[in-house]
Amino acid sequence: MRTFLLLFVLLASPVHAEVNAYLNKYSISTQETVRLTIESTQQGQPQRPDLSVLNQDFDLLGIKQMTISSLQAGSRQATTRWQVLLRPKHAGQIKIPALSVNGEQADPLLIEVTGLLPKEITNQSTPTVDGEPLFITTSIDHTEAYEGSQLIYRVKFFHKEPLNKNAVLSDPFLNQALILPIEEIKKSEIKIKGQAYFLEERRYAIFPDEPGTHFIEPPLFSGTSASDQYFETQGNEIEIAVIPRANTNSRGYWLPLSTLQLEESIDQPAVLAPGSSLIRKLTLTAHGLPAARLPSLSILKNELADLELLQTDLEESFDERGLVSRRIETVKVTMKERGEVTLPPIDIHWWDTYEDQSKIASIPPLILHVNSPTHSTSPLVPAKKAVSFESTSAPESPTSDIQSTTPTQQPPSQQIPLIVFLATVSIISSLGWLYTYNGLRKMRVKTQKKREALTERQNEKKIHAHSLAEKNTFQALAMACQQDNVDISKLRLIEWAQHFWPDTLIQTLEDISPLTRNKTFDFLIIDMEQHLYSNEKSLWQGDLLLQAIEKLRLRRNKGKI
């Protein structure tokens, strides 16, 4: 079913394709490798480019394919990327011919291959010196990085003589980039080929923000030595390739990181009642990005509770991997009324720069049960009625005593007052019992009406709470579908269904299919399960599932289901 729908879309709309190719380095040695990236932006499933034309000049060491989806101007755009790892077979200027995808060609590329290691790479290890009084080496952990991601840049400054205080070693520079010194200068002494040197080491975290090929300007030293001799020297430039963002999301942020962790802690009273509050603390810890670039975490809208952002703390520190950032948000949640308060799930989308794939850090929905405050005193009307009933029946015991002590041989005229007295007591007791019974019956009816009204209000609040939770979980589901993340979409779909059909036990995707009574929805769930249990998770697209769910919600609003 999905295949037919996609085929119909492809036939009904014009196909616009764009193919680009670029290298992570344009000057290498025969001992190095180079990564060739081919990107195709077009509708439908693109064909794999013919790489056999590269076999004459390169050894193909590996190939990786990924599909990246994004929203631009309200329309979905899919980009397929192939990354090919190559090693040159010979030195010289090698031309990479124009590669084609579905008939569209990329521009040809030129790469310069030398027989020796480039000067920058040589300077990353122990330098070769010939009695130089001072020199600078520079190195970097990667020559290819995503826009905004972290690069670790190292500077080593060697000098034979102690330096005067006027000596200055500048910081590296890269246009359109944030550069942060990671640590204090490390000073030591070292011997190179039997010659003693003073060594100063510095590390920097560089965050390039402009895609393209750039050169990092190395540090410049200028100053005098202890013997008042003036020196000036500079390190070597390093070329880097900055890749554009791999994807975008509806909130607009981009998080290229090595690790990301989302945590929460809650401080709440033993019993939640209307007017009571709890404190929720959300902590986002990231490796490889400044704290100012981390997104906000809290959703401050809820109809059954007041949410107030008390404090936002940004923290930064450094470890061996570079910059460690934390964003800590403290939120006060005050309950408005009785019922079930649902705080929606939190999903933070990020890009794993090590595994080169999209990931999501999540916190599940938080469900709070708000109860009414207990009352220590209450009217005890039924107890008073019971006491009244017992007091009216009390005279029976004295009458029996009187009757037993009355002489057996009394004239009939003397027994008439006793008979009248007993009859009167009996009538009064009966009337009292009838009055008490009538009061108890009215009380039961009144209590039953109160219970029914209370039950009705509780049901209304429960329905309202499920309605709010359904809206919140639908928003989370929509975001997961827009990101084409099949794993998170499955979890969010089950959570949404549990609130859309609150009276039905739903634990798996199979529990949802019978409730929709829609064959198209069944096919979409089958399609989701096939991608979940295959190696093609990245090929799943959630737009059709999202459309089917929107139609299902529309039918519910119109009263058709």
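Modeller: The structure is a predicted model. In strand β25, isoleucine 328 is the bridge partner of threonine 283. This bridge belongs to the pairing of β23, residues 277–287, with β25, residues 322–335. The two strands run in the antiparallel sense and are joined over 11 bridges.

The pair is part of an open sheet of four strands, whose order is β22-β23-β25-β24 and whose pairing is antiparallel. At the edges are β22 (259–267) and β24 (305–319), each of which pairs on one side only. From one strand to the next, the twist averages 15°.

Two packed helices are described by the angle between their axes and the distance between the axes. Helix α6, residues 486–500, packs against helix α8, residues 519–532, at an angle of about 135°, and their axes are 10 Å apart. The crossing of the two helices, α6 and α8, is left-handed.

On the α6 side, the contact is made by Val486, Asp487, Ser489, Lys490 and Leu493. Helix α8 contributes Met528, His531 and Leu532. Sorted by class, the contact of α6 with α8 comprises four nonpolar, two polar and two charged residues.

Key. Residues are numbered from 1 along each chain as its sequence is written. This is a predicted model: local features need pLDDT of at least 70, side-chain atom pairs count only at pLDDT 80 or more; totals for chains, interfaces and linings use all residues. Side-chain values use heavy atoms; hydrogens and water are left out. Axes are lines fitted to C-alpha atoms, for helices over the stretch in contact, and angles run from 0 to 180 degrees between N-to-C directions. A crossing is left-handed if the near helix is turned anticlockwise from the far one by less than a right angle, and right-handed if clockwise. Contact means heavy atoms within 4.5 Å. Ala, Val, Leu, Ile, Met, Phe, Trp, Tyr, Cys and Pro count as nonpolar, Asp, Glu, Lys and Arg as charged, and the others, Gly among them, as polar. Two strands pair if DSSP finds at least two bridges between them.
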